[in-house]
Amino acid sequence: MSNTSAKGASSKSSGGQLDAQKIAQGVWSNYVKKTPQRVKLLDSFMLFLVAVGALQFLYCLIVGNFPFNAFLAGFSATVGQFVLTASLRMQTNPENKTEFQSISHERAFADFVFGSLILHFFCINFIN
Amino acid sequence: MRWLFSFLALVLLGVAQAKSFSGSRLLVILEEQSEKEKYSALLGDLNDRGYQTTVESPKADKLSLFKHGERAYDHVILLPGKSKGLGPALTANQFLDFMKSEGNVIVALSSSNTIPSSVQSLLLELDIHTPTDKGALVVDHFNYDSVSAADKHDVLLLPFPNPPRRDVRNFFAGEGVLAAPRTVGQVLGNNSPLLAPILRAPSTAYSYSPKEEADIVEDPFATGEQLTIVSSLQSHNSARFTVIGSAEMLQNEWFLADAKLNGKAVKTANREFAKQITEWTFKETGVLKVGKLLHYQNEGQNKKLNTSTAIPENNPTIYRIKEDVAFQVEISEYKSDHLVPFFPASDDTIQLEFSMLSPFHRLNLSPIGQTANSTIFGVSFKTPDQHGIFNFRVNYRRPFLTNIDEKRQVTVRHFAHDEWPRSWQINGAWPWIGGIWVTVGGFVAFVAVWLYSAPTEKSTKKTQ
């Protein structure tokens with residue numbers, strides 16, 4: 001009894017793995033097909049920022065945080081840029097059109113550029 | 001006419017010039033004016049050294065150590081007399097006030113006279129203890145003079161004293177033998193750092209009261225090197241006080257007497273010793289004087305600035321933390337009538353403290369130069385990583401030398417915001433500088449692609 005049940009479970013789980021793979025593939029193909037090109041661009045930029053931020057954090061963990069203000073400046077530059085990019089993604093995503101009708105895409109982009117420039121100025125100033 | 005005036009001025013100047021650093025007015029208190037003859041050699045020596053000596057009886061009406069609230073004399077010698085009280089002008093408080101206004105005192109005791117009550121309380125106040133029995137004296141059965149005290153053994157013959165420690169200068173060295181007849185031995189209290197023995201009794205001596213009829217001395221007041229024959233005190237204001245246990249030491253008959261120590265004929269050298277004691281007590285020797293004290297920033301454009309001894313003190317009032325600073329002080333020593341360069345004893349050093357409440361640095365000063373009459377001591381150091389109000393302080397207190405306590409206050413500020421190193425000068429910051437610029441570069445690339453890709457998206461939107 002127990003043997004068969006175990007076999008059944010294993011076969012089920014392998015089937016589950018296949019399902020998960022299929023689901024992931026489905027999600028990915030859906031994403032590639034249905035997402036507008038600009039949102040994809042935003043997503044890849046955010047992914048890039050996450051990677052850069054994680055690298056800096058890892059470096060700080062391994063090597064140490066001296067000089068601490070430099071670490072704060074470098075790390076918060078990526079975090080801040082990520083937040084700004086996420087806001088731009090929310091405002092320009094066609095799916096959120098109903099919520100952000102009053103804000104045109106050009107306006108949102110100008111806000112994003114302005115905010116980013118201020119962020120960069122602060123970070124460079126802070127690292128001295 | 002003019003030459004006469006200048007000659008007169010020169011003569012007066014010569015008269016006013018004593019060899020003492022602090023003044024030339026000397027009061028000798030002696031009850032019996034007839035005893036003055038006994039001390040004539042001592043008084044003659046003092047006059048030759050430029051002192052204006054006044055000999056007064058303690059019973060004199062006008063006698064006072066003060067006049068109009070100021071010291072009337074610079075130095076006092078109190079010689080023993082018969083009476084038990086010294087009168088209202090010479091109380092213990094009067095003597096202490098006299099020392100508070102930097103007057104110097106020599107007190108000579110004698111075992112044949114009782115110690116006056118005011119002197120007794122003065123000695124107790126200064127933590128110097130004398131035997132309570134009247135007539136108690138120091139006896140030694142090994143180092144006595146067999147000419148004058150063959151039976152009683154109460155005239156001690158001693159060599160000149162050695163310095164109490166290796167790092168203390170000896171002002172009382174000499175060749176010959178000292179006679180200490182019928183001495184009142186003193187014991188110095190343990191608690192006072194101001195006391196220093198000048199001449200200790202030998203280890204075989206003890207204090208003995210001749211009134212006790214017993215053959216064996218039981219429970220003596222003090223024995224051996226506990227007993228001092230001549231002891232000294234230098235107060236915080238450098239006023240000096242010396243107790244001589246035997247006034248007879250200062251009398252003519254012992255200044256150059258023939259004596260016999262263990263069968264060997266010797267000459268006493270009390271005159272030389274009396275000269276040394278009066279010289280030291282009346283500040284002819286062992287007086288230190290601080291000259292120019294300077295400190296300066298020893299880095300950047302100010303390096304080696306302000307080091308000339310010709311210009312007066314012009315020290316900066318503010319420094320920064322972690323800054324190189326140099327310190328210099330001129331110290332001279334007064335030697336009978338002129339200033340000479342001062343050098344501490346071989347095992348001793350002068351120290352500089354850089355302190356805020358407590359010292360952050362305590363550094364040895366080393367001699368870095370010399371002028372005609374002073375030594376320049378100096379040291380360089382880095383200010384600590386602590387901002388606040390600091391003192392450069394030289395606090396030098398040694399037995400037999402006048403005290404030095406000099407302070408100069410400065411402010412130590414923290415870094416100004418443009419004095420920190422830039423980020424690229426710290427190579428530990430490079431990864432994060434890189435992080436910022438990669439983010440900025442990514443942003444620029446993103447903006448470019450966003451703008452480049454804009455029209456296609458708009459067109460698709462329109463078609464939809």
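Analyst: Start with a loop. Pro67(A) sits in the loop between helix 2 (37–63) and helix 3 (68–92) of chain A. Helices (H or I, at least four residues) and strands (E, at least two) are DSSP runs, numbered from the N terminus. This is a predicted model: local features need pLDDT of at least 70, side-chain atom pairs count only at pLDDT 80 or more, and totals for chains, interfaces and linings use all residues. Residues are numbered from 1 along each chain as its sequence is written, while chains are lettered from A and ligands numbered from 1 in the order in which they are written.

User: Which peptide bond joins Phe66(A) and Pro67(A), cis or trans?

Analyst: General idea: most peptide bonds are trans, and most residues other than glycine have a negative phi. Here the bond between Phe66(A) and Pro67(A) is cis, with omega about -10 degrees.

User: What is the phi of His153(B)?

Analyst: His153(B) is not a glycine, yet its phi is positive, about 55 degrees. His153(B) lies in the loop between strand 8 (137–140) and strand 9 (155–159) of chain B.

User: And where is Arg182(B)?

Analyst: Arg182(B) is in the loop between strand 10 (177–181) and strand 11 (187–188) of chain B. Its phi is also positive, about 45 degrees, although Arg182(B) is not a glycine.
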